[in-house]
Amino acid sequence: MSPMLEVRGLSVVFDGFRAVDGVDLTVREGELRFLIGPNGAGKTTLIDVITGLTRPTTGEVLFDGRDLVGLREHRIVRLGVGRTFQTSVVFEELTVEENLDLAASFRRPLWSLARRRRGTSDAVAEALETTGLKDLAGRPAGVLSHGQRQWLEIGMLLTQRPKLLLLDEPVAGMSKDERERTGELLTSVARDHTVIVIEHDMEFLRRYASQVTVLHEGRVLIEGSVDQVRDDPRVQEVYLGRRRSDAVGTGT
Ligand SMILES: Nc1ncnc2c1ncn2[C@@H]1O[C@H](COP(=O)(O)OP(=O)(O)OP(=O)(O)O)[C@@H](O)[C@H]1O
């Protein structure tokens, strides 16, 4: 399959500090790619560049063959790139359905809002179904559990019909059950989307990841299967900074 995303020679320098340093990354259509790395490795900065929040110092970000560098955030969303943030963006006083509806309208130009109501409703109904939030559609988002809120945010992205989803630590702070449901949700979303997930949780990675890219000090340290990454001594050393036997899922 053709690459959905091709990052080439990407560097981001903040006041002389190289947060991202010559990163090449290719993600094919339909992949569920995990991005890991210790604090400060450059994961969020990389996502910020892909979504137009940060402008790179050098390099290209080709999405479906088109360079995203220099495009504004909303333009990138409309081209089909959606992301979640570490902080929540749901409106607590609006219902689950209203939040989805609002998110669905964001992608479209203002003039088309009235005209394409039907399409919006379809997207909202599908998102309610996929995220398993159908029974909570009429409840205010403020009453949702932490996990349900995360699923709502993923649902909000889905209403925008993205081709590529970028998720920043989707299972952080979740219970075991919620993690499991999120893993299933991601697996199902990845059936017809390309998904990149930043995630630290090794147990989660072991269960749901196939391809993993490890970033360290702004560079790609290694890319491979969960097993390859787990067994790589460099990963053991730099990513976890622990003894090998404790590291990357070889414990427990
Ligand atoms: N706007 C900025 N100005 C200056 N330095 C920045 C800026 N944004 C990020 N950095 C620095 O760039 C480096 C990479 O940060 P980034 O947030 O991308 O790492 P990360 O891998 O996402 O880490 P974490 O897992 O802690 O979120 C860090 O050292 C950070 O302090």
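**Overall make-up**

I began with a count and found 9 helices and 10 strands in the protein chain, taking helices (H or I, at least four residues) and strands (E, at least two) as DSSP runs numbered from the N terminus. This is a predicted model, where local features need pLDDT of at least 70, side-chain atom pairs count only at pLDDT 80 or more, and totals for chains, interfaces and linings use all residues. Residues are numbered from 1 along each chain as its sequence is written.

Next I checked burial: 40% of the 252 residues are buried (20 or more other C-beta atoms within 10 Å of a residue's own, with C-beta atoms placed from the backbone).

**The core**

I then turned to the largest nonpolar core, which has 66 residues (buried Ala, Val, Leu, Ile, Met, Phe, Trp, Tyr and Cys joined through C-beta atoms within 7 Å). I50, L100, L152, V195, V197, L205 and V212 touch the most other members. Helix 5 gives the most to this core, with 6 residues.

**Helix 3 and helix 5**

Lastly, I looked at how helix 3 (residues 96-106) meets helix 5 (residues 146-158): their axes come within 8 Å and cross at roughly 35° (lines fitted to C-alpha atoms over the stretch in contact, with angles from 0 to 180 degrees between N-to-C directions). V96, N99, L100 and A103 of helix 3 make the contact with L152, G155 and M156 of helix 5.

Note on methods:
Contact = placed C-beta atoms within 7 Å. Buried ≥ 20, exposed ≤ 12 C-beta atoms within 10 Å, placed from the backbone.
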